[in-house]
Amino acid sequence: MTLSTYSDLKSAVADWLERSDLAARIPDFIALAESRLNRLFRGRMTEVNTALTAVPGSRAVTLPAAFTEAVSVHLAGCVEALRFIDPALMEVHNQAARPVFWTIDGGSLVFERPADQAYAVTLRHLRKFALSDTEPSNPILADYPDLYLFGALLEAAPFLRDADLLALFQARFETALQEANAKENLNRAGSKLRSDRALVGRGH
């Protein structure tokens, strides 16, 4: 059986559980698995750039709906990324100018000072994934379908009150997650190595 769509995944979960009466619960198991994946999986496909605009006279910019965790913040025309600072340590300045520091406060990206103009802001962040009938696939399902399958089965086990299935699917899910994160780390290391070699080549 292929596992390329939301429908495929629901069918596979039902087959593995051998419980046709759980069809109405399977979307819940998948949603719970996605919540876990959004917290634990750190693949390259989870990072995206979102274009935002600083509001003149304001320190805050509303975060995108799919935001889960910030990676970096850049202002247009600046080579270096702005510096992150813990919100408890943020020293606030009232005079409007080009921001230097940023933090996350609730649903907003917040600078240490009001912006003096409408800067174009690039927020690199981790995004949420949420399969549905209207969004039947995504890069995690395409590259690592076992994460979704064993994640959903793991969430089903407590509902079934089956300790043996819980132990089995937890082990399978954790192995799949470790292998996927290891592969993604290798991909990042390879990309960095290629970039460093290119820089060295230009230097000579």
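α1 and α2 sit roughly perpendicular to each other (angles of 65 to 115 degrees count as roughly perpendicular, under 35 as roughly parallel, over 145 as roughly antiparallel and the rest as oblique). Their axes come within 10 Å and cross at roughly 105 degrees; axes here are lines fitted to C-alpha atoms, for helices over the stretch in contact, with angles running from 0 to 180 degrees between N-to-C directions. Before going on, note that this is a predicted model, where local features need pLDDT of at least 70, side-chain atom pairs count only at pLDDT 80 or more, and totals for chains, interfaces and linings use all residues. Residues are numbered from 1 along each chain as its sequence is written, and side-chain values use heavy atoms, with hydrogens and water left out.

Who meets whom between these helices? From α1 come Tyr6, Leu9, Lys10, Val13, Ala14 and Leu17, and they meet Ile26, Pro27, Phe29 and Ile30 of α2 (contact means heavy atoms within 4.5 Å). Sorted by type, the residues of this contact are nine nonpolar, no polar and one charged. For that sorting, Ala, Val, Leu, Ile, Met, Phe, Trp, Tyr, Cys and Pro are nonpolar, Asp, Glu, Lys and Arg are charged, and the others, Gly among them, are polar.

Glu18 and Arg161 each have a positive phi without being glycine, and the table shows where they sit. Exposed means over 50% relative accessible area, buried under 20%, and partly exposed in between (1.4 Å probe, protein chains only).

Over in helix α5 you'll find Asn181. Asn181 counts as buried, at 17% relative accessibility. Leaving aside residues up to four places away in sequence, Asn181 touches Leu40, Phe41 and Arg42.

Finally, the strands. An open sheet of three strands runs in the order β1-β7-β3, with antiparallel pairing. At the edges are β1 (47–53) and β3 (67–75), each pairing on one side only. From one strand to the next, the twist averages 30 degrees. β3 pairs with β7 (residues 120–127) in the antiparallel sense over seven bridges, and Val73 stands opposite Leu123 in β7. Two strands pair if DSSP finds at least two bridges between them. Helices (H or I, at least four residues) and strands (E, at least two) are DSSP runs, numbered from the N terminus.
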